[in-house]
Amino acid sequence: MVMDKQWYQSLVEIGMGGELLRQDICLQLLTDSRVELLFLLDAAYQVRRHFHGREVTVHIINNVSNGLCSEDCNYCPQSTSSSAEIVAYSEKTEQEIIAEAEQAYAAGAHRYCMVYAGRRPGKQKAARIAKLVRAIKALYPIEVCVSAGIMDNDSIRLLKEAGLDRLNHNLNTSASRYDTICSTHSFADRLNTLKAARQEGLEVCSGIIAGMGETAAELIELALMLRDLGAKSIPINFLLPIAGNRLENPQNLSPGYCLKILCLFRFLNPQAEIRAAAGREYHLRSMEVLSLYPANSLFMDGYLNTRGKSRKETLQMIIDAGFTIKSDKTAEELLLHESSDKEADDYTIPGLKSDADLHPARN
């Protein structure tokens with residue numbers, strides 16, 4: 001197949017029209033050395049701009065609980081299989097969680113993501129989460145997403161009634177590979193949680209972790225599965241080399257390949273919020289800003305257990321590239337209030353979050 005201008009334009013037309021790319025074209029996009037990265041990024045950007053304009057949706061994560069987890073996910077420093085030196089705690093107070101929601105809103109976040117460690121919430125915990133969602137939604141004009149492990153219809157319905165906007169549960173990797181990265185729950189457990197969220201009328205947030213040995217075909221399989229689920233938000237994480245994790249060495253994640261993965265998910269999920277998530281700084285390096293062309297969303301203030309760029313650096317990148325943020329404040333206004341004292345982090349060594357990073361409302 002000749003990869004001329006018409007080939008790239010066909011990707012645009014198929015994406016804008018909501019049609020499905022053929023499997024062979026998807027594979028070519030990821031694996032064929034003849035693919036011109038800048039032409040591919042331009043095609044993905046045209047689809048992104050058609051559905052999302054030049055807006056970037058900013059998310060801020062709150063580790064409501066951290067570590068002390070019963071699950072053995074080999075990619076996660078919170079798991080029973082990891083010896084990573086993280087700060088572990090059972091659950092923050094309601095006051096601290098709400099204070100962090102206020103900070104997230106003030107920092108320009110469109111969505112506040114509350115993440116709980118553990119397998120599944122019991123009835124009492126689900127009721128506490130619902131109470132928090134109600135309180136935050138009553139106080140601040142910010143969307144709320146919750147990630148609390150495996151959940152059933154009754155617990156999800158409780159959160160929906162409290163005003164929750166989205167439920168997150170990442171698929172992470174393909175069904176055929178899942179038992180190589182986790183033995184304490186199954187791929188079906190994750191998928192059933194997402195299906196329950198859809199049944200209860202909640203928007204679904206679900207993504208992947210690239211770099212765990214998956215093939216190009218498996219990435220395509222996941223992108224199509226998330227399309228079938230109607231996922232409104234798709235975080236694309238790139239495995240970080242965290243000392244102490246069983247899965248410590250990311251595989252085949254060059255900057256160009258990471259960008260191709262983002263493009264693939266944009267073409268197969270054209271209307272979804274595609275997020276350049278964990279590993280963005282580490283794996284994309286000097287090409288990080290190019291992630292904003294296929295992706296229309298990112299995290300600020302770091303990720304679940306690792307630090308990211310400072311707010312100042314992130315906002316400056318968005319502004320310099322000519323994008324805006326989805327907020328009632330402009331990126332320029334927010335940048336004026338960010339200190340320039342903080343030294344830039346060394347992203348060649350992923351740093352775990354400190355106690356101060358995990359408890360910003362205490363500072």
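Trainee: Is Arg 166 buried or exposed in this structure?

Mentor: Burial is read from relative accessible area: under 20% is buried, over 50% exposed, and anything in between partly exposed, with a 1.4 Å probe and protein chains only. Arg 166 has 7% relative accessibility and therefore counts as buried. Please note that this is a predicted model, in which local features need pLDDT of at least 70 and side-chain atom pairs count only at pLDDT 80 or more, while totals for chains, interfaces and linings use all residues. Residues are numbered from 1 along each chain as its sequence is written, and side-chain values use heavy atoms, with hydrogens and water left out.

Trainee: With which residue does Arg 166 form a salt bridge?

Mentor: A salt bridge is a side-chain nitrogen of Lys or Arg within 4 Å of a carboxyl oxygen of Asp or Glu. The partner of Arg 166 is Glu 203, and their closest N and O atoms are 2.7 Å apart. Glu 203, at 32% relative accessibility, is partly exposed. Arg 166 and Glu 203 also belong to a network of salt bridges with Arg 111, Glu 143, Glu 273 and Arg 275.

Trainee: How many salt bridges does the whole structure hold?

Mentor: The search finds 23. Another one joins Lys 309 to Glu 288, with the closest N and O atoms 2.7 Å apart; both of these residues are buried.

Trainee: Over which ring does the charged end of Lys 329 sit?

Mentor: A charge sits over a ring if NZ of Lys or CZ of Arg is within 6 Å of the ring centre and within 35 degrees of the ring normal. For Lys 329 the ring is that of Tyr 105, and the charged end is 3.9 Å from its centre. Lys 329 also forms a salt bridge with Asp 328, at 3.5 Å between the closest N and O atoms. Likewise, Arg 275 lies over the face of Phe 299, 4.9 Å from the ring centre.

Trainee: How many aromatic pairs are there?

Mentor: Rings of Phe, Tyr and Trp (its six-membered ring) pair if their centres lie within 6.5 Å; planes under 30 degrees apart are stacked, over 60 edge-to-face, and the rest tilted. The structure holds 7 such pairs. In one of them, the ring centres of Tyr 8 and Phe 39 are 5.5 Å apart and the planes stand at 75°, so the pair is edge-to-face. Tyr 8 is buried at 6% relative accessibility, whereas Phe 39 is partly exposed at 48%. Together with Trp 7, Tyr 8 and Phe 39 form one aromatic cluster.
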